[in-house]
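Please look over the sequence and the model before reading on.

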Amino acid sequence: MENSQPTFTISSLVRSNIRELKPYSSARDEFKGNAQVFLDANENPFPSEFNRYPDSHQFELKQKVASIKGVSVENVFLGNGSDEAIDLIIRAFCEPNCDSILINEPTYGMYAVCANINAVKVISVPLSESFDLDIASIKGRIDQGTKIIFLCSPNNPTGNLLSEEKIISLLNDFPGIVVIDEAYIDFAETESFVNKIQTYPNLIVLQTFSKAWGLAALRLGVAVASEEIIGILHKIKMPYNVNNATAKHVVDTLEKTTSTRTLVDEILRERRRTKQTLENLSSVVNVFQSDANFLLVKFQDAKKVYRHLINYQIVVRDRSHVQGCHNCLRITIGMPAENDRLIKALQAL
Ligand SMILES: *Cc1c(COP(=O)(O)O)cnc(C)c1O
């Protein structure tokens, strides 16, 4: 890997079968114009809220999402959660039993799971002691077959942002796709990378409606990237991957408000309060700095704390077996009363 503008094109990175693929053409793709009688899609004619197939291009929803993200509709892919986008990105660029992705652990588990499902090799590089990128190791581990580097910032389960400077060095030097998963970006005091897609043709930014927007059950994820990359994802997605109930609910939500600020502010206040309280408990070794809606907490004995909390009917995420997270639990910030219950239970330990 050289310190110069990478010489590659997206179409040379994409798998050849995908490049050649003729996508499925749905009934509504083949007809454009005004019609009143729809006998083209084998739907049930008896009217109900849901008897018609959804718009496979999600026209109205995509316009609204593009507008709040400050990008054009051509730069937006909408998926059944950002998990769908993770899977599609791997399938678009990685040849099974041949290519690889690189992840920086500890991190979100779905990158490796999606790669494994698709028989794509996973190169795992440990994050540094301070949970930041280890650029020298990354550069040492990538090879000809490494097509995608997954970065998660703020990272799950560690909670911290990755260094912007290091991310940019990868965007400049790595001759493949760099995915930045920003599922928690609304909780961080930093700008998203979405406004850098014009500068970096190999950048894909993932965001979701599952966290700050509070709509996890609806399953709506967003990928923002160059028009060329978005075109590839559209080509290989299932035709009706975002359902009507989701589209309608999110359109209605975005008509009422275009910002998560109020809810996020409340969660950030609770994060500060919970962190300060936990730091004073004798069972707690360290509460890591968080730019997300959860805290990674190192205990003297995480397994014991986990069981104790279960007895109090409080469930947190046990990350103590995860590389770099020895004796750590990941604790989501809840409602004030829920955080109080957590604190009380821990004080009773
Ligand atoms: C929660 C989470 C997601 C999942 O998002 P969905 O849109 O609900 O699929 C993606 N990435 C990270 C890092 C997450 O923590």
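The model is predicted: local features need pLDDT of at least 70, side-chain atom pairs count only at pLDDT 80 or more, and totals for chains, interfaces and linings use all residues. Residues are numbered from 1 along each chain as its sequence is written, and side-chain values use heavy atoms, with hydrogens and water left out.

**The ligand site**

The ligand is surrounded by 13 residues, each with a heavy atom within 4 Å of it. The closest are Asp 181, Tyr 184, Thr 208, Ser 210 and Lys 211. A polar side-chain atom of Asp 181 lies 2.6 Å from a ligand nitrogen atom. A backbone N or O atom of Ser 82 is 2.7 Å from an oxygen atom of the ligand, and a side-chain N or O atom of Asn 156 is 2.9 Å from a ligand oxygen. On its own the ligand has 390 Å² of accessible area (Shrake-Rupley method, 1.4 Å probe), and the protein covers 94% of that area.

**Arg 330**

Asn 156 also makes a side-chain contact with Arg 330, at 2.8 Å. Arg 330 lies in strand β11, residues 328-332; strands are DSSP runs (E, at least two residues) and helices are DSSP runs (H or I, at least four), numbered from the N terminus. Arg 330 is buried yet has no salt bridge, and the nearest side chain of opposite charge, Asp 318, is 10 Å away. Here buried means under 20% relative accessible area, exposed over 50%, and partly exposed in between (1.4 Å probe, protein chains only).

**Salt bridges**

A salt bridge places a side-chain nitrogen of Lys or Arg within 4 Å of a carboxyl oxygen of Asp or Glu. By this rule there are 18 salt bridges, among them the following.

| Pair | Closest N to O |
|---|---|
| Arg 28 and Asp 40 | 2.6 Å |
| Asp 87 and Arg 91 | 2.9 Å |

Asp 87 and Arg 91 are separated by about one helical turn, because they stand four residues apart in helix α5 (residues 82-93). Asp 87 is buried at 18% relative accessible area, whereas Arg 91 is partly exposed at 30%. Asp 132 is buried at 12%, and Lys 166 is partly exposed at 30%.

**Ala 112**

Ala 112 lies in helix α6, residues 110-117. At 18% relative accessibility, Ala 112 counts as buried.

Terms used: Lys and Arg count as positive and Asp and Glu as negative; His and the chain ends are not counted. A polar contact is a pair of N or O atoms within 3.5 Å; within protein, one must be able to donate a hydrogen and the other to accept it, and residues adjacent in sequence count only if both atoms are side-chain atoms.
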